[in-house]
Amino acid sequence: IPNKPCIITTYFYREHPMQINFTHILQDSWNFFRNQQKVMFQFVLILFIAQNVGALLSSPLNNESHSNLSELVDINIENIAFSIAITQLLTSFISTWGLISIHSISQQNYQTLTKAFTLTLRRFLGVIVLNLLMTAPMLLGLSEAFAALLTKSSPSIISLIAMLVGIWFFVRLNLTAVHYLSTQDDIKQTIQKIWIKGSSRKNVLFIYTLLVYFLAPILVFQLTTFSNNVLFDMVIGILSAVLNIFMLVITYRFYSLFIKEE
């Protein structure tokens, strides 16, 4: 790991004006990524492997790409749900592992990947709980709307309201996992602090959410559409992993500024 504590301190702890500047966040995040490239690319490799494992697990879905809707419903739902769940758990665990490492580096207290892995095991259950809490209302609305589409009926107004309320909850609480991993606060304290902090910062939270959870996934999807052979698929997969790890740095950088503001 490059021994550049002064640079890390500069990028993550220098004073900023009250207004969060996303251009500065992107620049500082890129500088951090570049200065800590050894650790960052270790996580890129780990995520790339996990993504390929997920692709292998979900291969039954790819085999049914030309089936009609009724045939898709007849697929072994349990196997599909299991493969999706495993993929989500793997990527979520790697994200948690990465955030813990980024936090320790920014605190000039870098811990080896092995030690960070141990810390991840201790805190990962709390991250799962927080993720479920912030996504549950939105998922309820989406599931009802999807069920309506399967039965060829129009989604109810209740599902629309549930999705809107769910998006609002998600925007307000999507920094809870970062706070939980960066402090010793429990789940209740984490939710309370992030909720209070976000009460007057809804606009900047919404912009951050669009950047990380909407624009970045769209860019990853656009990259995957260019895949046409195995070698090119690997290149696209690595680029997608790089982008996802870079988003973790942006997330931590944004959180570090957001939580400081009074």
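Helices here are DSSP runs of H or I at least four residues long, and strands are runs of E at least two long, numbered from the N terminus. With that in hand, welcome to the tour of this predicted model.

**Stop 1: the whole chain.** Show everything as a cartoon.

**Stop 2: colour by confidence.** The average pLDDT is 82, and 82% of the residues score at least 70. Select helix 9, where confidence is highest, at 96, and then helix 1 (residues 5-13), where it is lowest, at a mean of 40. Residues 1-17 have a pLDDT below 50, although the model gives this stretch 39 contacts beyond near neighbours in sequence. Next select residues 61-67, which also stay under 50. For these, the model has five contacts beyond four places in sequence. A word of caution: where pLDDT is low, the predicted coordinates should not be read in detail.

**Stop 3: the largest nonpolar core.** Select Met-40, Leu-175, Ile-245 and Phe-254. Among the 50 residues of this core, these four touch the most other members. Several elements give two or more residues to the core, including helix 2 (22-35), helix 3 (37-57), helix 6 (77-106) and helix 11 (202-224). Which helix gives the largest share of this core? The answer is helix 12, with 13 residues. As background, nonpolar side chains tend to be buried together in soluble globular proteins.

**Stop 4: around Leu-175.** Zoom in on Leu-175 and show its neighbours. Leaving aside residues up to four places away in sequence, Leu-175 touches Ile-194, Leu-205, Tyr-208, Phe-254, Tyr-255 and Phe-258. Zoom out again to think about the whole protein: among contacts with a separation of 6 or more, 77% are between residues 24 or more positions apart.

Stop 5: Select helix 7 (113-150), another contributor to the core. Helix 7 has 38 residues, and a straight helix would reach 56 Å at 1.5 Å a residue, yet its end C-alpha atoms are only 45 Å apart. Where does helix 7 bend? Look at Ala-136: the bend there is about 50°, and Pro-137 follows within four residues. Finally, step just past helix 7 to Lys-152, which takes a positive phi of about 60°.

Technical notes
Residues are numbered from 1 along each chain as its sequence is written. This is a predicted model: local features need pLDDT of at least 70, side-chain atom pairs count only at pLDDT 80 or more; totals for chains, interfaces and linings use all residues. Side-chain values use heavy atoms; hydrogens and water are left out. A nonpolar core is a set of buried Ala, Val, Leu, Ile, Met, Phe, Trp, Tyr and Cys residues joined through side-chain atoms within 4.5 Å. Buried means under 20% relative accessible area, exposed over 50%, partly exposed in between (1.4 Å probe, protein chains only). Contact means heavy atoms within 4.5 Å. The expected span of a helix is 1.5 Å times one less than its number of residues. The bend at a residue is the angle between axes fitted to the seven residues ending there and the seven starting there. pLDDT is the predictor's confidence in each residue, from 0 to 100.
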